[in-house]
Amino acid sequence: MSTPSPRPSYAAVLRVPHARRTFAAALVGRLSYGTVSLALMLSLTRSTGSYAVAGLVMALFGATSVFLSPYRASLVDRHGPRRALLPMALLYAALLCVLAAACRHPGTPAGVLAATAAITGACTPPLGPTMRAVWAELLPDRAMLQRAYSLDGVAEELLFVSGPLLVGAVVGVAPPAAGVVLSALLVAVGTLAFATSPAAGVLRPAEHGKDADAPGGRAGAGQARALLQPVVVAAGVGVSVSAVDLLVVAFASERGLGDGTVAWVLAALSLGSAVGGLLNGAVAWSSSARARLPFLAVGLGLCLAAAGLAPGVITLAVAVVCAGLFVAPALTTAYLIADESAAPGFRTRAGAWCNTAVNAGLSAGAAAVGLLVERLPLPVCFAVSGAVAVAAALVPGRRRDRSAGRPGPVSRRPSRSRRSRPSGRSGRSGRSPRRRSPSGASGRP
């Protein structure tokens, strides 16, 4: 459906037939993930009057959404986006509306809210991993794919910044439950437009009986080894990035600074991440993605450690911007490696494993730093959060063993008989998206 561009650019990516329509539809659906957390939290706290109950319900919603993501992605791999995503999205949207209705009636038992939230999270459609799988099929050139993944990652970052702002506008004129209904509408409309687009048709259901679907065999073991590096680094980045939120709050509190200062410093992290993602996508790297990934993780870790030594808020903001420059590139590169490592019929799941790692890291990082910040000096907490990213960089990168069933590099033209993928070795090695999931550093289905 596309031809390689002699001068790959972000504009060239969007000129690929049907790319703009498909990407726009996916972004509409993914905006729901930027709005639903805040809208649901506000609805729950107003309905129950208890932060503890609201926190528990949100934890269950997030846990089932994050940890079942690889399974939901496997449904997309096996049945295709049209047969898998549409039922998932419609069920997810309907359950969000049920939650909104329950929150509109104070006195709904906490157990009912918790069970409904857990089931709702379990149905979250994996729009991010599926969109990245579509990019990989549409773009046979690795340099073009690198730019597509960077564009995807930066756009996702912006969604998780603009989503809460949109909810803030909604709750100014309507109850918080309206924000939950808006989230349901966004995911239903976006997924419908995405799954029915011509570009989504390039993701054909995997053939049954392929070795890629046999995780216990030799091919499955090779796949797991190849995915270990990007998954661990994605988790490490998630831990480090989530730690920044609480550490910046603690930094401001120690110096008597207001919440406005915290907001500006955290915005600097997102700004640095967006700039880093765009620059990373624009560079024609001579090194492979697997070779670059450890350096990106180390760069993030060192910048966070340096942030702990900042004498004032301006210096802290500069250090946080520098750390952000490595966030989107690290996550994007992890996604690209996962794509390069994916066996036939495993592409969406490979990306979903990185998503899961990022989101799990975000949750674990927030919990761990919450314990450390009360027991250790702030510079030490910054150093520990950075050390997690550095430690993740030590995981060796291993290519998937071709003798275990991995096809050699071929064109990414869709075919009913096979859809093999390039080995990822080229002068202009690609990389991938991210975020934040992370980051976004936040839950990114």
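## Helix packing and a cavity in a predicted model

The largest cavity is lined by Pro129, Arg132, Ala133, Tyr149, Tyr335, Ala338, Asp339, Arg347 and Gly351; here a cavity is a set of points on a 1 Å grid over the protein atoms alone where a 1.4 Å probe fits but cannot get out, and lining residues have an atom within 4 Å of a point. The model is predicted, so that local features need pLDDT of at least 70 and side-chain atom pairs count only at pLDDT 80 or more, whereas totals for chains, interfaces and linings use all residues. Residues are numbered from 1 along each chain as its sequence is written, and side-chain values use heavy atoms, with hydrogens and water left out.

About 70 Å³ of space lies in this largest cavity, a volume being the space filled by probe spheres set on the grid points, which are joined across faces, edges and corners. A search of the whole structure finds two cavities of 30 Å³ or more. Helix 6, helix 12 (313–341) and helix 13 (347–372) each supply at least two residues of the lining, where helices are DSSP runs (H or I, at least four residues) numbered from the N terminus. The lining has five nonpolar, one polar and three charged residues, with Ala, Val, Leu, Ile, Met, Phe, Trp, Tyr, Cys and Pro counted as nonpolar, Asp, Glu, Lys and Arg as charged, and the others, Gly among them, as polar.

The table gives three helix pairs, with axes as lines fitted to C-alpha atoms over the stretch in contact and angles from 0 to 180 degrees between N-to-C directions.

| Helix pair | Axes come within | Crossing angle |
|---|---|---|
| Helix 2 (19–48) and helix 6 (127–138) | 10 Å | roughly 165 degrees |
| Helix 2 and helix 4 (69–103) | 9 Å | roughly 25 degrees |
| Helix 6 and helix 13 | 8 Å | roughly 135 degrees |

Helix 6 is oblique to helix 13, given that angles under 35 degrees count as roughly parallel, over 145 as roughly antiparallel, 65 to 115 as roughly perpendicular and the rest as oblique. Helix 6 passes helix 13 in a right-handed crossing, the near helix being turned clockwise from the far one by less than a right angle, and anticlockwise in a left-handed crossing. Their contact (heavy atoms within 4.5 Å) is made by Pro129, Thr130, Arg132, Ala133, Ala136 and Glu137 of helix 6 and Arg347, Thr348, Gly351, Ala352 and Asn355 of helix 13, which divide into four nonpolar, four polar and three charged residues.

Helix 2 and helix 4 are roughly parallel to each other, and their crossing is left-handed. Ser32, Tyr33, Val36, Leu40, Ser43, Leu44 and Ser47 in helix 2 meet Tyr92, Leu96, Leu99, Ala102 and Cys103 in helix 4, a contact with nine nonpolar, three polar and no charged residues.

Conventions. On a 1 Å grid over the protein atoms alone, a cavity is a set of points where a 1.4 Å probe fits but cannot get out, and a pocket is an open set with protein on both sides within 12 Å along at least five of seven lines; lining residues have an atom within 4 Å of a point.
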